[in-house]
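Please examine the sequence and the three-dimensional structure shown below. The report that follows treats the ligand surroundings, a sheet and the confidence of the prediction.

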Amino acid sequence: MATRRDFIKISALGIGGATLGAGAFNLLKGSGAELATTAAFARYPTYCEVCFWKCAGWSYVDEQGKLLKVEGHADDPHCSGRLCPRGTGGIGMYYDEDRLTTPLIRVEENGRQAFRKASWDEALGMVADKMKAIAGSHGPESMALFNHGSSGHYFTHLLKAYGSSNVVAPSYAQCRGPREAGWIATFGTSVGTPEPTDIRDTRCLVLIGSHLGENMHNGQVQEMSDAIDNGADIITVDPRYSTAASKSRYWLPIKPATDLALLLAWIHVIIYEELYDKDYVERYTYGLDRLKQHVRRMTPEWAYGITTIRPEAIRETARLMASAAPATIVHPGRHVTWYGDDSQRSRAIAILNALLGSWGRRGGFYFPESASLPEFPSPEYPKPKWSWKDTLDGRYPLASMGVTNTVIEASIASPEKEARIKGWIVTGTNLPLAIPDKAQLERAMQSLGLLVVIDTMPMEITGYADIVLPECTYLERYDEVRTSPYREPSLALRMPAIAPTGDSKPAWWIAKQLGEKLGLSEYFAYKDYTEVLDWQLRQVGSSLEEMQRAGVKMIPRKTPLYLKEGEAFQFGTNTGKIELYATEFEKYGFDPLPNYVAHPEPPKNYYRLNYGRAPMHTFSRTANNPNLTDLMDENKLWVNPKVAKIWGLENDQEIWLKNQDGIVSNFPIKVRITERIRWDSVYMVHGFGHSRKELTRSYGKGACDAEMITRPMTDPIMGGTGMRGNFVTFLLEKPEKAVES
Ligand SMILES: Nc1nc2c(c(=O)[nH]1)N[C@H]1C(S)=C(S)[C@@H](COP(=O)(O)OP(=O)(O)OC[C@H]3O[C@@H](n4cnc5c(=O)[nH]c(N)nc54)[C@H](O)[C@@H]3O)O[C@H]1N2
Ligand SMILES: Nc1nc2c(c(=O)[nH]1)N[C@H]1C(S)=C(S)[C@@H](COP(=O)(O)OP(=O)(O)OC[C@H]3O[C@@H](n4cnc5c(=O)[nH]c(N)nc54)[C@H](O)[C@@H]3O)O[C@H]1N2
Ligand code: SF4
Ligand SMILES: [Mo]
């Protein structure tokens, strides 16, 4: 087992895991080591697009104009000068020879469909004509945008100018939506991103599923290393022995799907042993008496029968949290769409933090602040006649952002019902690997009159497109200034280090050209995006020129970082207090106090499909990245030794998976036998099992978790799709199945 020291060393190096292969050393040699002796090179500011922590850095280019490496920006609060392995490997996005480099149009030749290359003028002209036709016959509201990442900004503007506000992203209903619903109901504000967890100064960090260390969100991982060094205690609740578990004082290997029982028992101990922050609770919260009554019987002994966590361990950990409070963080998690009751689990986590007095306190949660940049002048958007809210059809009343799954549903035509949504623009999201229930997604895509995909790579989603538009990578373009909230507000610039490859273009350019073809030129009143950036920066006393030199600029805070001792504070809830008892949930007929409800168990010979992150990959977007495939080129199926014995499995044996609905994996996955996973579950890293042959390095490597997730459990409060209630069994022989490509 690695020691605490190892963990810190690893993250200090910026290369995750002990599996550092020869490729990683080459990567380092090919950058830092060489640079020290290279006389002339230029560096350009950027911020990373490999995930959404948005670390600022520099891209280095040599005299010949060759892109050498990306390095963290020393002054950037998100990364403190160090990128994670994915950020360092970001140059692989530029060098990937499988990239999209020209617009593509779907054509039918001799009954066979294929893509042909097209000019931008033709491809965009075709998109504009189809969008005009859709607006003409069904109204502009029947176009929707699916987006994730930087490019979404420009297409959101375009779609709103066109007359639709149907904008959705998988980062809500497939990721952090339930956490935001739980937090808004309790604290009157969402958690937001980056999470305002004051890990740097914490004395006790509780991770419930959050697998920091594999989840490589840079600032949090670095701060967690420092906190461990400073003697903070980590409590990890995870059915799997995660990297975080190996650094923890307590690892609670919970039975999957039972976290709510543990959380309620912790609340019980903290209330009945009077360990809560009395002054804080009295001053700021609403509903303690009802909460106390509610959890009366939810003792550690009660929770033991459900969670398999010993009552003493529940009591000891509750006391540990309270003794460190308010410098205790019960981490809200990020990918929290697990079992369909996720808003309620998030509520329980919020309540615990409230009882401990952690919200707005040093070592708990700080109040984040962001720099505010005015929008570039543009006419008012037309008012849409309807929006994504109408696709909810009365469900999910507390959805605060567009819900991908209901927009997908609303795109499906049936003999009885015409589809409300007729066309999609998809940018920066690989929907077939991000959305559960692929059959439904495919039905929707088959119904559409128009599907335009903007991507850098020939990912699965491009295979469904009518028109594919190639975006250049983040290293080849300007983008909006980063203004993410943090302890100190900051500005960070992304500018090109190198010219776009082939005929690829930045998203701002694509959206502007399309806008012009749609007759919306007045919404794009600039020649080049640098005009927008310079105008915006000048409004806050900076300039493009200053940012090109500095990369990152810190802005002084205007408001305090924490609550002041005894200060009166108005929370954004119905009562103006932190609502231990959620009046907003009550108003909509949901439990105002969270309850534990049992979830289905795997049938005989089936195992719960658990999935997560690897430090060197991001979702499906990096699986083909030449630098990162060097570090890890496939996922493996973690299987408990007892299960392996029953099935006679050996390490690295290839098996296929079949889920509870008879869906068989496209590709085999290699077995990894390990005690780190419980006997009732199997585990794999998300993002592998690519089925497009155009992805030459990742095609057929490993298995795809999304394929197996055919039965999401939807959160009635905000529409999140719980994805951890699917079960798989093993096929030891190659099944008869044609693989799509
Ligand atoms: N089964 C399963 N489903 C999941 C998850 C899971 O763990 N398992 N995780 C969920 C979570 S937490 C999230 S946040 C979502 C993530 O969902 P997505 O963001 O859709 O994830 P990716 O698979 O990385 O897809 C990103 C797509 O953007 C493209 N891309 C990369 N850079 C650029 C760029 O600069 N411009 C453009 N235009 N495109 C670019 C990539 O090539 C890729 O096609 O998935 C959710 N869905
Ligand atoms: N390297 C890397 N880092 C990333 C990303 C990436 O793609 N790559 N993506 C980023 C994004 S957008 C997100 S949303 C986050 C996601 O990362 P997190 O929010 O940290 O984690 P989750 O995906 O919710 O959960 C994964 C962990 O939950 C455990 N788990 C499974 N079932 C249960 C259960 O019933 N109870 C408990 N307590 N634990 C359970 C799994 O064993 C695993 O360790 O990661 C972010 N960081
Ligand atoms: S955490 Fe890693 S991948 Fe994410 S933005 Fe930072 S360097 Fe890039
Ligand atoms: Mo996410």
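Helix α7 provides the largest share of the shell around ligand 1 in this predicted model, namely 3 residues. At least two shell residues each come from α7 (170-187), α17 (431-434), β14 and α25 (705-708). Helices (H or I, at least four residues) and strands (E, at least two) are DSSP runs, numbered from the N terminus. In total, 30 residues surround ligand 1, and the closest are His148, Thr429, Asp455, Glu471 and Ser620; a residue is near a molecule if one of its heavy atoms lies within 4 Å of it. The shell consists of 13 nonpolar, 11 polar and 6 charged residues. Here Ala, Val, Leu, Ile, Met, Phe, Trp, Tyr, Cys and Pro count as nonpolar, Asp, Glu, Lys and Arg as charged, and the others, Gly among them, as polar.

| Side chain | Atom of ligand 1 | Distance |
|---|---|---|
| Arg613 | oxygen | 2.9 Å |
| His686 | nitrogen | 3.1 Å |
| Asp705 | nitrogen | 2.9 Å |

Taken alone, ligand 1 exposes 930 Å², of which the protein buries 98%. Accessible areas come from the Shrake-Rupley method with a 1.4 Å probe.

Which residues surround ligand 3? They are Cys48, Val50, Cys51, Trp53, Lys54, Cys55, Leu83, Cys84, Arg86, Gly87, Met216 and Asn218. This shell divides into 8 nonpolar, 2 polar and 2 charged residues.

Strand β14 also belongs to an open sheet of 7 strands with mixed pairing, in the order β5-β4-β15-β14-β13-β6-β7. At its edges are β5 (112-117) and β7 (167-168), each of which pairs on one side only. Two strands pair if DSSP finds at least two bridges between them. Strands β14 (residues 450-455) and β15 (residues 467-470) run in the parallel sense over 4 bridges, and Val453 stands opposite Val468 in β15.

The chain averages a pLDDT (the predictor's confidence in each residue, from 0 to 100) of 94. Confidence is lowest in helix α2 (residues 22-35), with a mean of 34, and highest in helix α10 (residues 259-272), at 99. Over residues 1-37 the pLDDT is below 50. Where pLDDT is low, the predicted coordinates should not be read in detail.

Residues are numbered from 1 along each chain as its sequence is written, while chains are lettered from A and ligands numbered from 1 in the order in which they are written. In this predicted model, local features need pLDDT of at least 70, side-chain atom pairs count only at pLDDT 80 or more, totals for chains, interfaces and linings use all residues, and side-chain values use heavy atoms, with hydrogens and water left out.

Note on methods:
Contact means heavy atoms within 4.5 Å. A polar contact is a pair of N or O atoms within 3.5 Å; within protein, one must be able to donate a hydrogen and the other to accept it, and residues adjacent in sequence count only if both atoms are side-chain atoms.
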